[in-house]
Amino acid sequence: MPRQTKKQEQDLRMQATKFTIAALLATSAFAFSTIASAAALDQFKSFVASTKSAKGEFTQQQLGKSKSGKASPASSGSFVFARPGKFIWTYQKPYEQVLQADGDQLYIYDKDLNQVTVRKLGNALGSSPAAILFGSNKLEENFTLSEAGERDGMEWLNAVPKAKDTSFEQISIGLKGGVPLAMELKDTFGQTSRLTFTNFQRNPALGAQQFKFETPKGADVVNQ
């Protein structure tokens, strides 16, 4: 099998990056945590009013099998965010990648390629699932929220984007004990990804320079 060129490798990684960005933006599920016995929608409203930042760990996996019949490999890493518009989402396995936003710019660093892609954050949050986690409190302007009942020992909430040009049809969030434990993301292609959260900490102390991105030495920088 011929060896991939650097350009082909970059293209494949950018395709993977698009998925990880979508998943990252959809991690808005973290915004749904607070009262242990309340319904999911009540928990959501209370969380938005009281939680300005958080950090924790995650695992991410596509449900079902690929076309080859094999289960998709899981990804894992850590996150930290401060609303509105600041976050660091770090993939540690199966390969290292960092998505970081300072409220104005989004930086995507691929360690293997030693490349940083820079994008204007702009409207990337607006009507995207990320608005729930990273954005403002005006979430019901962009999402239709509804109770989804109890499943797997958790209370579930559905968030359907009102915009028609998003990459997700529905985001389902599972909560227990006031903490988001799972999230299922159904995209417009009918595929569903599941994220599981652990070690979730609300309102941790964060440094003033926490979200300032420092370009790694020697890295190529691509502005988009």
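Y91 is buried, at a relative accessible area of 3%, where buried means under 20% relative accessible area, exposed over 50% and partly exposed in between (1.4 Å probe, protein chains only). The model that holds this residue is predicted, so local features need pLDDT of at least 70 and side-chain atom pairs count only at pLDDT 80 or more, while totals for chains, interfaces and linings use all residues. Residues are numbered from 1 along each chain as its sequence is written, and side-chain values use heavy atoms, with hydrogens and water left out.

A pair of aromatic rings is described by the distance of the centres and the angle of the planes. Rings of Phe, Tyr and Trp (its six-membered ring) pair if their centres lie within 6.5 Å; planes under 30 degrees apart count as stacked, over 60 as edge-to-face and the rest as tilted. Six aromatic pairs are counted by this rule. The pair of F58 and W89 is stacked, because the ring centres are 4.0 Å apart and the planes lie at 15°. This pair links distant parts of the chain, with F58 in strand β1 (residues 53–62) and W89 in strand β3 (residues 86–93), 31 residues apart. Helices (H or I, at least four residues) and strands (E, at least two) are DSSP runs, numbered from the N terminus. F58 is buried at a relative accessible area of 2%, and W89 is buried at 1%. W89 also forms an edge-to-face pair with Y91, with 6.3 Å from centre to centre and 70° between the planes. Ring pairs join F58, F79, W89, Y91 and F200 into a cluster. Elsewhere, the charged end of R151 sits over the ring of W156, 4.0 Å from its centre; the criterion is NZ of Lys or CZ of Arg within 6 Å of the ring centre and within 35 degrees of the ring normal.

The largest one has 31 residues, of which F44, W89, I171 and M183 touch the most other members. Helix α2 (residues 40–50) supplies the largest share of this core, five residues. A second, separate core has eleven residues, including V80, V98, Y107 and A219.

Strand pairing requires at least two bridges found by DSSP between two strands. Strand β9 (residues 168–176) and strand β10 (residues 179–187) are antiparallel and share eight bridges, with S172 opposite E184 in β10. Two residues separate β9 and β10 in a hairpin, and G177 in the turn has a positive phi of about 60°. β10 also pairs with strand β11 (residues 192–202) in the antiparallel sense, over five bridges, and L185 stands opposite S193 in β11. The hairpin of β10 and β11 has four residues between the strands, and G190 in the turn has a positive phi of about 85°.

Confidence is given as pLDDT, the predictor's confidence in each residue, from 0 to 100. The chain has a mean pLDDT of 77, and 74% of its residues reach 70 or more. Among its elements, helix α1 (residues 6–25) has the lowest mean pLDDT (49) and strand β12 (residues 220–223) the highest (94).

How values were computed: A nonpolar core is a set of buried Ala, Val, Leu, Ile, Met, Phe, Trp, Tyr and Cys residues joined through side-chain atoms within 4.5 Å.
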